[in-house]
Amino acid sequence: MHEHSSEGLYISIQDLNRDNLSHIPQEYYMLFHCALACTVLIDQVMYTHFKEDYSEFQKITLYPKIEYGITNINVNPWAITHSGIGLTTLERFIEFFVADLKEFFTQNQFERATWQE
């Protein structure tokens, strides 16, 4: 990871490979990519559509940004799932993630970003 001038932590998508992630047990490898893709997606949604709440959101979550190379260009979250994640695995994970997001936005009172919004 590296930092781009107070914009947060960045990881190059090229570094998301089996060699660098060998510490993740094989049975969780695909779920890790699902989790990373979804956290990148919600981070991008917050930054784009709820800018007034983004600073607080970022402080709470500390989600990294994934970029192409060292370009400061954020990746499409679904590019993270390039490693052959099956649709069933992704669907099951998204069910969990949506429930977790609902709880997160219910517990954390942002200015504009609510579960309904």
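View 1. L62 is exposed, with a relative accessible area of 64%, where exposed means over 50% relative accessible area, buried under 20% and partly exposed in between (1.4 Å probe, protein chains only). The residue is found in the loop between α2 and β3, the elements being DSSP runs numbered from the N terminus, with helices (H or I) of at least four residues and strands (E) of at least two. Although L62 is not a glycine, its phi is positive, at about 55°. Most residues other than glycine have a negative phi. The model shown in every view is predicted, so that local features need pLDDT of at least 70 and side-chain atom pairs count only at pLDDT 80 or more, whereas totals for chains, interfaces and linings use all residues. Residues are numbered from 1 along each chain as its sequence is written, and side-chain values use heavy atoms, with hydrogens and water left out.

View 2. An α-helix has 3.6 residues a turn, so residues three or four places apart point the same way.

**View 3. Helix α1 and the position of H33.** With 24 residues, α1 reaches 35 Å from its first C-alpha to its last, close to the 34 Å expected at 1.5 Å a residue. Among its buried residues are Y29, C34, L36, V40, I42 and M46, and the buried residues of α1 pack against α2, β3 (65-67) and α3. H33 also lies in α1, and at 0% relative accessibility H33 counts as buried. H33 and G86 stand 53 residues apart in sequence and 11 Å apart in space, C-alpha to C-alpha.

**View 4. The largest pocket.** The largest pocket holds about 180 Å³ of space; on a 1 Å grid over the protein atoms alone, a pocket is an open set of points with protein on both sides within 12 Å along at least five of seven lines, a cavity is a set where a 1.4 Å probe fits but cannot get out, and lining residues have an atom within 4 Å of a point. Grid points are joined across faces, edges and corners, and the volume is the space filled by probe spheres set on them. Of the 12 lining residues of the pocket, E7, Y10, Y47, K65 and N74 lie nearest its centre. The largest share of this lining, four residues, comes from α1.

**View 5. The largest cavity.** The structure holds one cavity of 30 Å³ or more, and the space in the largest cavity is about 40 Å³. V40, D43, Q44, P64, K65, I66, N74 and V75 line the largest cavity, with α1 and β3 each supplying at least two residues of the lining.

Conventions
Expected span 1.5 Å × (residues − 1). Contact = heavy atoms within 4.5 Å.
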